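Here is a short tour of one structure. Keep the sequence and the 3D view open as you read.

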Amino acid sequence: MRDPRLVAAPSTDAPTASVTFEYLAWATVWLLTGTTIGLIASIKLHWPEFLPFAWLSFGRVRPAHTNLVLFGWSSLVLVGLSLYVVSRTSRVPLWNPRLARIALWLWNLALLGGLVTLLAGVNRGPQEYREWVWPLAVILATAVLIAGFVAYRTVATRTLPEVYVSNWYILGGFCYLPILYVTSYLPFYQTGLGNTVVQGYYMHNAMGMWFTQLALGVSYYAIPLLLGRPVYSYALGVLGFWTNLLFYPLIGAHHFIFSPTAWWLQSTAILFSVGMMVPVWAGTGNLLLTFKGSSGAVRRSYALPFFVTGLIGYGLSSTQGTIEAFRSANIYWHFTNFTVGHSHATMYGFIAFIAWGAVYGLVPRLTGREPNPLAVGVHFWLALVGVLTYVISISVAGILQGFAWVSGQSFIASVIAAEPMWLWRTIGGLLMVGSHVVFAVNVWAMRPQRVVAPAPSPDVVRIPA
Ligand code: HEM
Ligand code: HEM
């Protein structure tokens, strides 16, 4: 029998369905492009003569990779899903899908401009994730503001009195990213130690106040929906939201432990990195406990295993981050490949898996078409084995590098020690890129039909009174 607290949502209207799908389709294009470029970067580290062209030199392909996978894939897929979630949880069609589409095209324009300029060697210097020249940053910021405004207006026109917890996270992310992005481009923060502090602030808050917020917002909608039961604890969801906001903005300086930045600032960042365990485990625990007693549903579903993996990825890799922030650990791991392992454990093991779970769980409801379950299984296993191979090998490389440096060996000794691991990273990367090709085929299989079919199963989510 259905839980009386579950409220049936109306089936999706065609404009909301098609604009959502367009975001997801473009995100998939950037996933394929961005990770193929990542693979080229990876190969170059153990085979430097591979593709010896200036446009494809390591210094250019690295930022091209990071910007495409962060602003192209991860952002667009989560924005597309978020626009759908705000509309469903507000029980209204998306407010102004046309404006949402304009935001998508501006976003794509910025990404294409970013790709071409970075490969041509036109950039703002070594400022990670803000290498694009400012006109492109302005276009991206405009796109974010427009998409955020559409999300806000949709929630503002809701037919229910409550704002469901998903929307707190999603609107929070949309409020925070513009502040972050504008701060990082302010002219007086571009030099000296101020630049370093802002770099840490920007880098980590992009992860915690944008990707994490949107991924959790989407999870708080999709997981209860797919399981057909309310979230384990609404209060824990709200606690996670507020403590994320409390602790995250002050942890940026943990990127520069032992640097010439103020010692007290570093210590504050370490302390707040420990505080981060509250929202991380409130979120992970709450969402995993929602699965309690549903192992049968997980086995039968092709979307839920992605969510379970993503949540475990969130809890474990964030805990790894907290450990990495301590001075005693950071002295070994900072500047090493260990951080690259953490980046992929989080951005892939958490964010990408949650996004895939939501795409497979929600898109058939909005287009009426399902992918081939076998192909989804192939995607899942290639991605999981690929990312495990990547993260384990590159973390081992980081540990070897750290020990070599701390014990005072020559730099080349650390390169020789790490080289076999770079080859393993490429093998993992090949599996990951292979899984993305399968994902693209699955997205195509779920494309909207000319007439949008009604949702195949009742679309339910608990909106507490
Ligand atoms: C409790 C939560 C977390 C803590 C305390 C934490 C801690 C850290 C630390 C200390 C570093 C810098 C390591 C160094 O350079 O020495 C780092 C890097 C990084 N973290 Fe986390 N992390 C957390 C969660 C996350 C999450 C959820 C994401 C992604 C959604 C993420 C993405 C990254 C990325 C991409 C980097 C590399 C940044 C760069 O240098 O380019 N982290 N993290
Ligand atoms: C959705 C998928 C992916 C995301 C979100 C992602 C994200 C990132 C991030 C945030 C960094 C910067 C790391 C840091 O500075 O700590 C990075 C670097 C890198 N990524 Fe990825 N990545 C993805 C997939 C891949 C794949 C499939 C490969 C293929 C092997 C790859 C290869 C690399 C390489 C070689 C670097 C440079 C590492 C270095 O400088 O030593 N990435 N990626």
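Predicted model: local features only at pLDDT ≥ 70, side-chain atom pairs only at ≥ 80, totals over all residues.

## Proline 15 and its contacts

Start with proline 15. It counts as partly exposed, because 17 C-beta neighbours lie inside 10 Å.

Proline 15 lies in helix H1, which covers residues 14–46. Which residues does proline 15 touch, not counting those up to four places away in sequence? They are Pro93, Leu94 and Pro97. Take Pro93. Proline 15 and proline 93 are 78 residues apart along the chain. Their C-alpha atoms are separated by 8.1 Å.

## Two residues with positive phi

Now look at the backbone. Most residues other than glycine have a negative phi. Asparagine 96 is not a glycine, yet its phi is positive, about 55 degrees. Asparagine 96 sits in the loop between H2 and helix H3 (97–120). With 16 C-beta neighbours inside 10 Å, asparagine 96 is partly exposed.

Phenylalanine 335 also has a positive phi, about 70 degrees, although it is not a glycine. Where is phenylalanine 335 placed? It is in the loop between helix H12 (327–333) and H13. Is phenylalanine 335 buried or exposed? It is exposed, because 11 other C-beta atoms lie within 10 Å.

## H2 against H6

Two packed helices are described by the angle between their axes and the distance between the axes. The crossing of H2 past H6 is left-handed.

Which residues meet here? H2 brings Ser74, Leu78, Leu81, Ser82, Val85, Arg88 and Thr89. H6 brings Phe211, Leu214, Ala215, Gly217, Val218 and Tyr221. By class, the residues of this contact between H2 and H6 are 8 nonpolar, 4 polar and 1 charged.

## H4 against H5

Next come helix H4 (residues 134–156) and helix H5 (residues 165–185). Their axes come within 10 Å and cross at roughly 160 degrees. That makes H4 roughly antiparallel to H5, because angles over 145 degrees count that way. The crossing of H4 and H5 is left-handed.

On the H4 side, the contact includes Trp134, Ala137, Ala141 and Val144. On the H5 side, it includes Asn167, Ile170, Leu171 and Phe174. The contact of H4 with H5 has 16 nonpolar, 2 polar and no charged residues.

## H14 against H15

Move on to helix H14 (residues 373–406) and helix H15 (residues 411–445). They pack at an angle of about 165 degrees, and their axes are 7 Å apart. H14 and H15 are therefore roughly antiparallel to each other. H14 passes H15 in a left-handed crossing. The residues of the contact of H14 with H15 divide into 26 nonpolar, 11 polar and 1 charged.

## The nonpolar core

How many residues are in the largest nonpolar core? There are 130. Leu83, Ala215, Val218 and Ala355 touch the most other members. H6 gives the most to this core, with 19 residues.

Look at two of these residues again. Ala215 and Val218 are both among the H6 residues that meet H2. Alanine 355 contacts Val77, Leu78, Leu81 and Ala215, leaving aside its neighbours within four places in sequence. Leu78 and Leu81 are also among the H2 residues that meet H6.

Tryptophan 105 is in helix H3. Is tryptophan 105 buried or exposed? It counts as exposed, because 12 C-beta neighbours lie inside 10 Å. Tryptophan 105 and tyrosine 202 are 97 residues apart along the chain, and their C-alpha atoms are separated by 25 Å.

Threonine 339 lies in helix H13 (residues 338–367). With 18 other C-beta atoms within 10 Å, threonine 339 is partly exposed. Threonine 339 and threonine 309 are 30 residues apart along the chain. Their C-alpha atoms are separated by 21 Å.

Terms used
Residues numbered from 1 in each chain as written. Chains lettered and ligands numbered in written order. Left-handed = near helix turned anticlockwise from the far one by under 90°. Helix = DSSP H or I, 4+ residues; strand = E, 2+ residues; numbered from the N terminus. Contact = placed C-beta atoms within 7 Å. Nonpolar A, V, L, I, M, F, W, Y, C, P; charged D, E, K, R; others polar. Core = buried A, V, L, I, M, F, W, Y, C linked by C-beta atoms within 7 Å. Buried ≥ 20, exposed ≤ 12 C-beta atoms within 10 Å, placed from the backbone. Axes fitted to C-alpha atoms, helices over the stretch in contact; angles between N-to-C directions. Parallel < 35°, antiparallel > 145°, perpendicular 65-115°, else oblique.
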